[in-house]
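Me: I have a protein model to study. Can you take me through one part of it, step by step?

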Amino acid sequence: MTVTDKLSDVRVLCIGDVMLDRYVSGQVKRISPESPVPVLSISGSTSFPGGAANVARNIASLGGRCTLVSVVGQDAVARELLEGLQKIDGIRCEFCSSSDRPTSEKIRFVAHGQHMLRTDAEVTEPISRSTAQAIIESIERLASEHDVMVLSDYAKGLLTDEVVRSSIDAAKRHRLPLVVDPKSVNLRRYSGATVITPNSKEVMDATGIDPTDDDARAEQAGLSILGSAGVEAVLLTRAHRGMTLVGGGAAAVHIEASAREVFDVVGAGDTVIAALSLALGARLDLAESARLANFAAGVVVGKRGTATVTQTELADEVLRLSRGSLQSLQNKIMSRADAVELARTWRKNGFKVGFTNGCFDILHVGHLAILAFSRQNSGRLIVAINSDASVKRLKEPGRPINSEIDRAMVLAALSAVDAVVVFEEDTPLAMIEELNPDVLVKGADYTIDTIVGAQHVLSHGGKVLTCELVPGKSTTRVVNVLRGKASNS
């Protein structure tokens with residue numbers, strides 16, 4: 001099981017300010033004759049759940065399950081927000097409806113990929129005592145059903161001192177890690193949290209230290225917060241400088257930013273808090289959780305708007321940044337059960353699952369051709385290889401030349417291959433029936449009628465393809481050449 005697989009079905013209780021993020025897009029071709037301002041010719045409008053609701057979206061897209069506790073107004077924006085959230089598998093809404101405040105809405109006007117203006121329709125006064133009590137009762141009722149708790153503070157009035165303190169007490173009672181995305185200069189109000197994630201501005205406001213100067217200054221700022229806030233750890237998010245983790249009973253950890261290209265930082269903090277909470281809920285340690293959150297942030301800033309990161313995208317990013325290590329290859333080799341779960345995740349994220357199989361005893365260009373063809377015709381590729389015992393039953397004496405783990409590791413090193421599974425049977429039929437691949441590939445020396453599992457794949461609406469063989473290329477030929485040379489030496 002890979003590290004990202006561990007995030008699946010972690011249950012997160014998220015309490016925070018929700019809002020609707022609306023984007024109005026168009027073109028600017030002239031300046032208004034009434035005043036020196038650009039005229040936006042509107043071509044479209046889209047909306048996304050924002051604030052704590054975007055944290056919930058990211059939790060769900062990363063494979064977790066989120067219960068979202070918040071307050072909304074009795075208005076059309078609330079209905080639109082709730083409708084959007086109800087379409088997302090993995091999110092459960094526990095909203096209090098308030099007649100004395102609107103649902104927060106941010107409207108961004110965008111032209112040619114650039115933000116021109118943002119308007120905020122909101123009330124930021126603290127919620128009423130009765131609403132706060134209803135929120136607290138929800139937290140008390142729900143805490144025991146979850147693995148980790150999140151406070152997503154956007155300073156819109158939900159997280160009063162009373163709600164914050166009750167949340168922290170509930171997390172402690174139920175032994176839940178508590179992750180806080182703060183918006184208050186007074187970080188002491190989060191005392192008792194497992195980890196807080198202030199950004200550079202929030203760190204500056206709280207300590208007067210700019211954490212983007214260098215690692216030493218970031219560590220100094222983190223230690224200052226650690227000493228004053230009464231939390232177990234501080235994860236400073238430092239924009240282009242990456243992140244710094246201070247506390248947790250270990251030396252400071254500085255994590256370089258992983259983004260290749262930055263298009264939009266809107267909602268990046270939500271992605272960080274989502275990935276961090278899922279990792280802690282899966283009982284990864286703080287440093288590993290922080291690195292995973294950093295990887296997720298590197299993906300999301302490469303997207304435009306209030307975006308999310310899928311479990312598959314995060315797994316790809318982890319693999320990209322760990323490529324070259326033996327551990328990254330071993331992570332591709334998995335059990336049949338894990339492959340089935342991974343295939344489900346890939347499909348959920350919109351990828352077609354491809355499958356091919358063989359002994360792959362001595363890798364040659366013919367193998368590379370069929371693997372490349374398989375990957376070209378699918379979004380993700382699983383390669384099943386015969387175990388050593390299976391090869392011995394099927395092939396001539398002396399086979400396999402390479403052990404099953406060696407064969408699996410060599411295949412895992414190929415970029416065309418996303419997962420490798422060893423099977424003990426003489427054919428992969430049982431595995432195909434469990435995986436239900438969308439695309440099944442074999443060499444052109446087979447016909448559809450002779451390809452194991454073809455009828456099963458076709459009956460489920462999948463495709464069965466054959467790949468042209470590379471003339472004169474086979475493991476048997478290589479083995480015979482080698483044995484001939486050995487006998488003549």
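Predicted model: local features only at pLDDT ≥ 70, side-chain atom pairs only at ≥ 80, totals over all residues.

Me: Which residues of helix H5 are buried?
Reply: Helix H5 covers residues 200-207. Buried means under 20% relative accessible area. In H5, that label goes to Ser 200, Glu 202 and Val 203.

Me: Within what arc do the buried residues of H5 fall, seen down the axis?
Reply: Start with the buried residues, Ser 200, Glu 202 and Val 203. They line one face of the helix, because seen down the axis of H5 they fall within an arc of 160°.

Me: What covers the buried residues of H5?
Reply: Look for helices and strands over that face. The cover includes a helix at 215-229 and a strand at 233-237. These are helix H6 and strand E11.

Me: Is Lys 183 buried, exposed or partly exposed?
Reply: Lys 183 sits in the loop between strand E9 and strand E10. Buried is under 20% and exposed is over 50%. The relative accessibility of Lys 183 is 34%, so Lys 183 counts as partly exposed.

Me: Which side chain is joined to that of Lys 183 by a polar contact of 3.3 Å?
Reply: Set aside neighbours within four places in sequence. Lys 183 is then in contact with Asp 153, Tyr 154, Ala 155, Tyr 190 and Glu 202. The 3.3 Å polar contact links the side chain of Lys 183 to that of Glu 202.

Me: Which residue follows H5, and what is its phi near?
Reply: H5 spans residues 200-207. Next comes Gly 208. Its phi is positive, near 80°.

Terms used. Residues numbered from 1 in each chain as written. Heavy atoms only, no water. Buried < 20%, exposed > 50% of the residue type's maximum accessible area, 1.4 Å probe, protein only. Helix = DSSP H or I, 4+ residues; strand = E, 2+ residues; numbered from the N terminus. Arc of directions from axis to C-beta. Contact = heavy atoms within 4.5 Å. Polar contact = N/O pair within 3.5 Å; in protein donor to acceptor, adjacent residues only side chain to side chain.
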